[in-house]
Amino acid sequence: MSLVTIQHPRHIPSARLQQGMGMIEVLVSVLVLAVGLLGVAAMQSLALRGGQGSLETSQAVMQSNSIVEAMRINPTGNYNMGKTCSAASVTGTDLRANDQRAWVTALKSTVGADAATCGQITGCPGACVITVFWDDSRAGTDQGGTARSLVTNARI
């Protein structure tokens, strides 16, 4: 007859350690993950708004350069005009009027089609000041507000 001895392991994990993660730990980790994802979503929204404002500013610069080049082609034309928000309000049939109508139309199609998109030219031909106005309300008040303008100075 043989004698069998059973040895107990030195360390037996308690029943509490063998249960895995508790419900509280899971809920806290889900909460931390949710806060992090909301932060990422907020940053993405801010980046999109800033990108749109930057695009509109770039379009305003390009349109200002286009009217300056049109004025250089026709140096005898009087391109001065007050704040104009509609191509239909430009009068005349000469090259200057056609350039101004095309410029206001291009402003509406590139910078913004709303009523706040306008152009103004003063001081020509000696010291031209070209001002482009537009509404940048999507960027929010912290990014320059709703009434944005770009002023370009040029000598013809």
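Biologist: Is Thr152 buried or exposed?

Modeller: In this predicted model, Thr152 is buried, with a relative accessible area of 18%, and because the cut-off for buried is under 20%, that value falls on the buried side.

Biologist: And where is Thr152 found?

Modeller: Thr152 is found in strand E4, which covers residues 147-154.

Biologist: What is Thr152 in contact with, leaving aside its neighbours in sequence?

Modeller: Once the neighbours within four places in sequence are set aside, Thr152 is in contact with Ser64, Cys128, Val129 and Ile130. Strand E3 takes in residues 128-135, and helix H1 takes in residues 23-73.

Biologist: How many bridges join E3 to E4?

Modeller: E3 and E4 run antiparallel and are joined by 8 bridges; as one of the facing pairs, Asp135 stands opposite Ala147 in E4.

Biologist: How many residues of E3 are buried?

Modeller: E3 is mostly covered, with 6 of its 8 residues buried.

Biologist: Let's step back to the sheet. What order do the strands have?

Modeller: The sheet is open and has 4 strands in the order E1-E2-E3-E4, with antiparallel pairing. E1 and E4 stand at the edges, each with a single partner strand, so one side of each has no neighbour in the sheet. Neighbouring strands are turned against each other by 15 degrees on average, direction ignored.

Biologist: What holds strands of a sheet together in general?

Modeller: Strands of a sheet pair through backbone hydrogen bonds, and the pairing can be parallel or antiparallel.

Biologist: What about Ile121, which residue of E3 is its bridge partner?

Modeller: On the E3 side, Ile121 has Ile130 as its bridge partner, and Ile130 is also one of the residues in contact with Thr152. E2 and E3 pair in the antiparallel sense over 5 bridges, and Cys118 stands opposite Phe133 in E3.

Biologist: How many residues lie between the strands in the hairpin of E2 and E3?

Modeller: There are 5 residues between the strands of that hairpin, and Gly123 takes a positive phi near 80 degrees. Pro125 has its place in the loop between E2 and E3, and a cis peptide bond joins Cys124 and Pro125, with omega at about 5 degrees.

Biologist: Switching to the helices, at what angle do H1 and H2 cross?

Modeller: The axes of H1 (residues 23-73) and H2 (residues 95-110) come within 10 Å and cross at roughly 170 degrees. H1 and H2 are therefore roughly antiparallel to each other. On the H1 side the contact is made by Gln59, Gln63, Ser64, Ser66, Ile67 and Ala70, and on the H2 side by Asp99, Trp103, Ala106, Leu107 and Thr110.

Biologist: How do the residues of that contact divide into nonpolar, polar and charged?

Modeller: The residues of the contact of H1 with H2 divide into 5 nonpolar, 5 polar and 1 charged. Ser64 of H1 belongs to this contact, and Ser64 is also in contact with Thr152.

Biologist: Which strands do the two helices lie across?

Modeller: H1 lies across E2, E3 and E4 and runs at about 145 degrees to E3, whereas H2 lies across E1, E2 and E3 and runs at about 140 degrees to E2.

Biologist: I was also looking at Ala88. Where is Ala88 found, and is Ala88 buried or exposed?

Modeller: Ala88 is found in the loop between E1 and H2, and Ala88 is exposed, with a relative accessible area of 71%. The C-alpha atoms of Ala88 and Thr105 are separated by 9.3 Å, and these two residues are 17 residues apart along the chain.

Biologist: Last topic, the protein chain as a whole: what pattern does the chain follow, and how many residues does the chain have?

Modeller: The protein chain has 2 helices and 4 strands, and along the sequence the pattern reads α-β-α-β-β-β. Of its 156 residues, 29% count as buried. The accessible surface of the protein chain comes to about 10400 Å², and 62% of that belongs to carbon and sulfur atoms. Among contacts between residues at least 6 apart in sequence, 49% join residues at least 24 apart.

Definitions and conventions: Residues numbered from 1 in each chain as written. Predicted model: local features only at pLDDT ≥ 70, side-chain atom pairs only at ≥ 80, totals over all residues. Heavy atoms only, no water. Axes fitted to C-alpha atoms, helices over the stretch in contact; angles between N-to-C directions. Parallel < 35°, antiparallel > 145°, perpendicular 65-115°, else oblique. Contact = heavy atoms within 4.5 Å. Nonpolar A, V, L, I, M, F, W, Y, C, P; charged D, E, K, R; others polar. Buried < 20%, exposed > 50% of the residue type's maximum accessible area, 1.4 Å probe, protein only. Areas by Shrake-Rupley, 256 points an atom, 1.4 Å probe, with all protein chains shown as cover. Pairing = 2+ DSSP bridges.
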